[in-house]
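Thanks, everyone. Let me put the structure up, and then I'll walk through a few parts of it.

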Amino acid sequence: MDARRDLDGKGKLSKGPRWIQGGEKDALFTSRGYSHTHVILPALSSIPDALFNCIHKSQAYPVAGFATVTLFSSFPNTPTHDGYTMLASTLALWALLPALAAAMPNSEKRQSPVPDTVTANNAGPKANSFQPAGDAGISAQMMFLGTKNKVYILDKTENNPTTIDGLYGTHPAWAVEYDINTQKVRPMDVYSNTFCAGGAVLGNGTWAVFGGNQPVTTDGVATKDMGAYKDMTGGTAIRMLNPCDDEKCEYIQGAQTLDINQDTGGYLQMTGKRWYPTVETLPDGSLIVIGGDKNGGYVNTAVQDNPTYEFFPPNSQGAVNLQFLSDTLPVNLYPLTWLLPSGKLFMQAARKTIIYDYKSKKTTDLPDMPIATRVYPASAATVMLPLSSANGWQPTILFCGGSATEKWGDDTGPGYNVTAVQADNSCYRITPEGSANPIYEQDDWMFEGRTMGEFVLMPDGNIWMGNGAAMGTAGYGDDGYSVGQSYAQDPLYMPAIYRPFNSPGQRWDRTGLEASLNERLYHSVALLLPDSSILVSGSNPNKDFTNQQWRSRTDVERWYPSYYNEPRPTFAGLPDTFSYGGDYFNLTLNGTVDAATANSTRVTLIRSGFHTHAMGFGQRQIFLDTSFTFDEATQKATIHVSQLPGTNGPNLFQPGPALAFVVVDGVPSQGEMVMVGNGQLGEQPTAANAELPGSQTVPLPQPPVNNDPESDKANAGKTNVKSSASSVSTGFVSLAAPGLVAVLAAALL
Ligand SMILES: [Cu+2]
C-alpha cells in the first residue's frame, strides 16, 4: 500500500480506493466481478509484469459487493511513455474504462423518491429568485453534476481559501465536491493546473477533464519549479472521475515525473498542450478533444495554436490536423461544437461555421455568423434547443450575445479599451441539417447586450439564461483600462427565460424574476440540479485569488424556477436505463388526475453538461414520445413512453448519464439520474421503436340498466365521447363494464 493513498489516514482500505499491487494483477483480471472486462482483458493480461507495473498501477473501488477497476497511474519515477507503453496504455484504457460501468445502477424499475401523490412544499425557497447556498471554498470555473447529490467544481491553480493535503504536499485546493443537500464541501486533490480546461462525460459515466495551463506560482506567474501552489503542468493533462455519493472518489490522474516541466508521465496525457479545448461526446461514448493553444492568452495566435483534435480513449490517429482551427485564428479557443444527427460535428469559431465529418475528414462550409462573434472571448450564450419528434429530431442551435467588436488584439490582450464596448444583444439560430441550405435566422433579441451569459436547459423545455456583463468581453489583464483586472464591466444581475417554442417576438420573458445580488463575471458557471433549481457560482476575472474588485467569488447560490414550490408529480415505473429504440415502457402517475393532465404529461432527458466559460459542453435535452391511458374509474393515468429514437439515437443524444424528468401540467418531477445506452463504450445497440398505443380514456362503468329508453340513448351517446381530443379510443368497449354492454344493447332495441 502506498501511504499517500491512505486517504482517511486510518489505514482502512476496505472502504476506500487503494493501490492494486503488481502481484495482484492476475487476481484482478480474473476476478468474478469484472463482467464488462472479460472480453478485452485477456489481451491486457498478457502484458509482461514489468511493463504492467510500469504502466498500470491500478486502484480498485469495492462497489456493491464487488470491486470495480478504475484507476491508472504510473510510478512517480517512471520514464515518460514510449510507443510501446502508449500502445499498451491505449489498450488498457479501452479495456478498463467500461469496467466503470459496473458501478452504475442496474436496470431495475424504481419509484420516484416521494412515495405518494404530491408533496406540498409551500415553505420552500422563494420562486424566481436567487438564494445563498453555501460556499465552495474555491472559485467555480468549471462545474458538473456527478450524481444526484454531488456537484464537482474545478478552478484554476490559485490561492483559494480552501487547502488540501495532497499527493505533492499541502496546497490551496482547486477542486471540490459540493453536496447539494448539505452544502458541505470536500476538497479534492488535482495536481495539475486546470486553468481553463475542457471536460465531458464518457458513455460509461466517467467524467474526464482535459488540458489547462503551465504550473503557476503566486499572481498567476508561470513557474519552472514547484511554486507556492505545488501544481504541475496541466497543458497535456487528463483527469478522470467516477463520481460517487460516499465521498471516497478521487480524480484519476497520470502520475507525475519529478521534473514538472516534462510531460507529466503516465499515459493520462494528450498528444499536445491544450488550453481552452472543446470536448464533445461521440456516439460510441468516447470523446473528441478539439483545439486549444499551448500557453494561454487573451486570444489564440499562430505561434501557439494547436490546430488539431484527438480522441479519448486515444486511438492510432493521434493528433489530427483540422484546417478550420487555423482558418479561425485568432478567435477560436473553445471552438463551439455539437454532434449532429448525421454523426458529423457542427463547429463555429470566429465568424466561420462548418460541418465537419471526423470519419471522412471532410469539411462543409455553412454561412458565416451574422453580426457578432460568439466564441470566447466574445462568449455568447449558446445552446442546442430541446429535441423532440415535433421538430423531427432536428437540432437547432441558438447563439445570443457576445461581442461585435472586430478588434481582437493578440495573446497579450485586446490592445484597446475593450471594457468600453457594449456587448452584443442579437440572437441567431441555425438548424444545420435537414435542409439543403441551412441559414442563420434572426431570433428575438435579448433584453440587453450580454457577454458571458450562460444558457441552462430546464425540464419544462424553457431555457434559463443568467450571468455575464453588459460591456466588454471575457478575459483579464493588467491593462490601464481593465476594471480591476477584468476585461468586462457592468455586471448583469437579472436572469431571463427563453421560451424556444413560442412564436417569434414572444420568446424572451423575465416576468416576476428577481435579480441576483452577486456579479457573475469571467469564470462563473450555472448548472441544472435534479430538483430543477440552478446552481450558480464562481466569478474570478483575476490572475490569482483576490478580494479586490472584481473579487474572486467562492459563494454558491441557487436560482429557483417558478414551479419550484408547486406540488411535484410523482410516479412509478421509471427505468434506470434507457435504450435507443425497442419497447416502450409504462409510467403510472401517482394520485388522482384527469385525462387532460394525463395528456399534458411529458418525459424528458437532460444531459446537464460540463459548464465553464458560459458554455455547457455536452448539454442537451430530448423529449420522448408519449401516449396515455386514463382510467376514469380509478382516476389513474398510465403514460406510455417511447425509448430514445432507434434511428440516429446515439447521434441525437449520446450515451451516458442523464437526468430524467416527468413533467405534468408544466411542472417537473424531481430528476432521476439514469443511464442512456448500454453503459459501455463502443457502438450502441439500436432497434426500431415499438409503436405506442393510442391515447385513450377508459370510461366509467355505467349505472344499472334504466328502463327509460330516451335516458338510455343519452347515456350511450355520452359514453362514446369520453376520449380526449388527442386520444384514440381503441378497444375501450372490451374494457368497459358489463353494465355498459347492457346499456348499449338496450339502446339498440
Ligand atoms: Cu478561462
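Start with a hairpin: β12 and β13 form it, with five residues between them. In the turn, Gly-205 has a positive phi of about 100°. Strands here are DSSP E runs of at least two residues, helices are H or I runs of at least four, and both are numbered from the N terminus.

A word on the source. This is a predicted model: local features need pLDDT of at least 70, side-chain atom pairs count only at pLDDT 80 or more, and totals for chains, interfaces and linings use all residues. Residues are numbered from 1 along each chain as its sequence is written.

β12 covers residues 198-201, and β13 covers 207-210. They pair in the antiparallel sense over four bridges; pairing takes at least two DSSP bridges between the strands. Ala-200 stands opposite Ala-208 in β13.

In a regular strand the side chains alternate between the two faces of the sheet. Are the faces of β12 buried or exposed? Gly-198 and Ala-200 on one side are buried, and so are Gly-199 and Val-201 on the other. Buried means 20 or more other C-beta atoms within 10 Å of the residue's own, exposed means 12 or fewer, partly exposed is in between, and C-beta atoms are placed from the backbone.

Now Ala-208. Leaving aside neighbours within four places in sequence, its contacts include Gly-199, Ile-238 and Phe-312. A contact is two C-beta atoms, placed from the backbone, within 7 Å.

Ala-208 also belongs to the largest nonpolar core, which has 167 residues. Such a core is a set of buried Ala, Val, Leu, Ile, Met, Phe, Trp, Tyr and Cys residues joined through C-beta atoms within 7 Å. Ala-208 is among the members that touch the most others, along with Ile-153, Val-456, Leu-527 and Ile-534. Strand β49, residues 656-664, gives the most to this core: seven residues.

Next, a loop. Thr-157 lies between β7 and β8. Why does Thr-157 count as buried? Because it has 30 C-beta neighbours inside 10 Å. Beyond four places in sequence, Thr-157 touches residues including Trp-174, Phe-195 and Asp-231.

β7 also sits in an open sheet of six strands, ordered β11-β10-β7-β6-β44-β45, with antiparallel pairing. β11 and β45 stand at the edges with a single partner strand each, so one side of each has no neighbour in the sheet.

Last, the whole protein. It has ten helices and 53 strands. Of its 749 residues, 53% are buried.
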